[in-house]
Structures are given as C-alpha cells and as structure tokens.
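I opened this structure to look up its sheets, a helix pair and the ligand site. My entries follow in the order I made them.

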Amino acid sequence: MFEITVHLNATSNTPLYLQIYQYFKQEIQSGRIEEETKLPSKRKLARHLEVSQLTVESAYDQLKAEGYIQSQPRKGLFVQKVEYDVIPDQNAPQFDTTESPQISQKMKYDFHHGKIDLDHFPHKTWRKISIDCLNDKEHLLNGDPQGEFHLRKEISMYLFQSRGVQCSPNQIVIGAGTQYLVGILCMLMNKDSIVAIEDPGFHRTKHALETHGISIDPIPLDEEGIDIERLKHSSANIAYVTPSHQFPTGIVMPISRRLELLKWAEKTGGYIIEDDYDGEFRYKGKPIPSLQGIDASENVIYFGTFSKSLIPSARISYMILPEKLLNQYHQTMSINKQTVPRLYQDILCQFMKDGYWERHLNKMRTVYRSKHKTLIAAIHQELGKRVTVIGDQSGLHILLEVHNNMSEEELIKAAEKHNVNVYPTSIYYEKKENHSSPLLLLGFGGLSETEIKKGIIQLKKALF
Ligand SMILES: Cc1ncc(COP(=O)(O)O)c(C=O)c1O
C-alpha cells in the first residue's frame, strides 16, 4: 500500500469519513496519488487508520460519487482521470466574506420610501398561486422577450380601467425595473437626443440616461410641475416627467399643464416619458387622467411599476411604447431576453386574473391613506411650526423641511442617534435647491401607524 498519512482528528466537528474523503480528494487532485492507482480495501484501510469499515466505506462512496475513484469488479477501487473545470480547493483564492458596509445602518424606525407594508400583503394567496404556477413546468423555459403575453393583457386591461391608459398588450414591454427599461428606451433614441428631466427629479432615471450616453437638460419645477416655459426654451426633444406625484416633491400636475406638455410634444415632434410610479395611491382630489390617456398624437411613453403597489423585489415594471416605436423596438431589441423570471410573471398574471390585485390595491389605498394621515398628524402634533411638510399629496412619502439650522447630513446623523432613518433629498437636485432649510424624505409605507408615531417622537428628540 502507498503511504497514507491522514491526520484524523477525533475531536473535530468534521466527521471522520469526511476527513478521509478530503484527504484522498486533495491527494488525487494534486497528483500525489496518481491516476490508475489501486486504493486499499475498506478492511485494510479501516485497520490502518483504526476506524470502522463503515467510515471508510462512506468516504469511498463520496469519492465514487464525485468521480475521483471507480470500482472495477473483482479488482478493487482505482483512481480515475479527473478533468478539472474548477480550481482545486487548495488554490482557491481567499475572498473577503464580510458583508459590504451599508450606506446607513438600519434603524428601528426606518422611513425608507422604497418600503411597502408587509402586514397586509396577501401571503397565503400569493403562496397558493405560486405553488400552482410552479407545477406548470413551462415556466422553466425562456418566455416571450417582451414579457408574457397573458400578463401584458392583464396590465393593459387594468391600466385602461384605473389610469385611462389606452394600449394593446403588444405595446407593453415588461422589464426588471424602471432604470433597466429607461436603458432599453435609450437604445431606441437617436444618440443626439436631449432629455429634459425634472430638477429635482428621479436620480435613477438620470443615471440610466447618462450611462447610455444621452444628454440631459435639468428643468426646474414651478408649483405645477416641470416649468413649461423653460422646457420650451430648452433644446430637449424628450421630456421625462412624473405627473401623478412629482418625485420627490409630490406635486400633482394639473390638467392644464398636462395639456401644455402634450402640445409641446406635438409641436416639436418630441416624446414625453410619463413615469406613473405610484399613481395608484392618491388620497385627495379627483383622479387626473394619465398623459398617455389624453394624448392623441402618440407622443407619450408610459412607465409603470409593481414596486410600490405590490412587491419591490419582484422587479416587475413595464413601459408602453407608442405604435410608431414598436417596429423599431422589435428590430433592435428583440435580441434581448426577458429580465423578469417567467414564474413571477405567471404568478402576477394569475393574481390579477383572479381579482386579487384589485382587492389588494383597494385595501392598500385604505392602509396607506391611514398611515399618511397618522404621519401628518404626528408631525403637526410633535414638530409643529419647526418643520414644514412638503408634498403631502405624494403616495408613499413626504418631504420635511426642518427649520433648526442643521445641515441635511447633521439632521440624518442626529436622527440615527435616536434610532430613526430619514433620507436626504439633495441627491435629487441637479442645481442647488432654493429651500432655505434642508429637506428630508420620509417614506411611510413600511412602518405601522404605531411605529410612525413613535418614530416622529424620536425625531423630535433628535432634532429639537
Ligand atoms: C420616480 C420613480 N420611478 C420609478 C420607481 C420604481 O422603480 P422600479 O420600477 O425600478 O422599482 C420609483 C421607485 O422609487 C420612483 O421613485
């Protein structure tokens, strides 16, 4: 028998059979035990190592299962030629396994605007539909690059009823997130396009445009949304707007401004990208039709998402292309595979078809309306005139102007010391904001009403 020097450690947490297996694996991988070498029998090795035959058998079984050795009838066990397509263990680089630092530590009262209410999510229904969908093996295969047709059909019906959006399922492109879809859109744009963006505005869209080499022109806001006169004087041929709730200020664009915007697009032959990210949640006033719904000239590209209204992690967002862009989309983009897993699309489609989506939305409107009311009341009661609430018409967040002479950074740090996460707004401004006091962003979707009240009390202790 060739020399076997396994240093077995009976007190180790690693079972003996694994220690033997690891020893042989390493020796074979390194070539110290050569190909075609005959291994000692179970009995011999067990005696040599002073372990049970069962222990040796388990080690050999594992080596056999991984193809390191093979038994030849009536001859014994032999080392196999192994083709390595992975680096052997001993050469594996040492990776840093510590988690990368978070931007800010998560606090007990986290007013993050990307969070949703988990207590009212219909887990049971979602789980049941998920299991049903899992049973259909089709989801294991790639689906339609544009998104599953049956889901696009449900989305088009829902959008017509609730947002006045008029489109066929063929105009809908599903993708993993607004930022991703903006990127797809950039590939359809002329490279000399200039996109007017709201200032302040959604930083992720700006980032997507810039990384695709599209020029941007930040346009300030007035009390009705994007400043139309400034837009008319810019050389932009595309405008990205958030008319339902301007992000982050919450301004609801009145119908008159919407019509002016559409007129601008018609006159210049330009496009409007309408990002309707949380239009489902409106607590005051009458619904104002989407730009897409009142656009007679096919100049609006409508964006929607299930991130706010259902689950952010599902990454199901969509854009609606005007008919005149469809040909170009199919010619240029059909090479891209769909980015949203088919399983998630199937689950959502069934959820919508069975009427759960409508019920969920109705319930969430009530839940969020109540949270919104609680937040505003708590701010008035606890913080009074030392703050000003801005954008109290927004869906799932508000802005808080704090009059205590602290900078935005100081406010955030002071809040953290009292277990509260509040968020900056300076990241959304291109040109310096004209607010005399800093503005904080407070989302309320992920906190219960009790947590909202307690969080505001903590904020008072932190800031005043
Ligand atoms: C302005 C705006 N658009 C879109 C989204 C949704 O992004 P996504 O569809 O990538 O989740 C958000 C979410 O915060 C947003 O604030």
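**Entry 1: the four-stranded sheet.** I began with an open sheet of 4 strands in the order β12-β13-β16-β15, paired antiparallel. Strands are DSSP runs of E of at least two residues, helices are runs of H or I of at least four residues, and both are numbered from the N terminus. Two strands pair if DSSP finds at least two bridges between them. β12 (387-390) and β15 (423-424) each have a single partner strand, so one side of each has no neighbour in the sheet.

I noted that the model is predicted: local features need pLDDT of at least 70 and side-chain atom pairs count only at pLDDT 80 or more, while totals for chains, interfaces and linings use all residues. Residues are numbered from 1 along each chain as its sequence is written, and side-chain values use heavy atoms, with hydrogens and water left out.

Next I looked inside the sheet. Strands β13 (residues 397-402) and β16 (residues 439-443) run antiparallel and are joined by 5 bridges. Histidine 397 faces glycine 443 of β16. Helix α13 (residues 356-383) packs on this sheet and touches β12, β13 and β16; contact means heavy atoms within 4.5 Å. Its direction makes about 10° with that of β13. Axes are lines fitted to C-alpha atoms, for helices over the stretch in contact, and angles run from 0 to 180 degrees between N-to-C directions. Helix α14 (residues 408-417) lies across β13, β15 and β16, at about 40° to β16.

**Entry 2: the eight-stranded sheet.** I then found an open sheet of 8 strands with mixed pairing, ordered β4-β11-β10-β9-β8-β5-β6-β7. Its edge strands are β4 (172-175) and β7 (225-226). I checked the β7 end: 2 bridges join it to β6 (residues 215-222), antiparallel. Leucine 221 has isoleucine 226 as its bridge partner in β7. Helix α9 (residues 255-268) lies across β6, β7, β8, β9 and β10, running at about 145° to β9.

**Entry 3: a helix pair.** I looked at α2 (residues 42-49) and α3 (residues 53-65), whose axes come within 8 Å and cross at roughly 115°. Lys42, Arg43, Leu45 and Ala46 of α2 meet Gln53, Val56, Glu57 and Tyr60 of α3.

**Entry 4: the ligand.** Which residues are closest to the ligand? Of the 13 residues that surround it, they are Thr178, Asp275, Ser307, Arg315 and Ser317; near means a heavy atom within 4 Å. A ligand nitrogen is 2.6 Å from a side-chain N or O atom of aspartate 275. A polar side-chain atom of arginine 315 lies 2.8 Å from a ligand oxygen.

Definitions and conventions: Polar contact = N/O pair within 3.5 Å; in protein donor to acceptor, adjacent residues only side chain to side chain.
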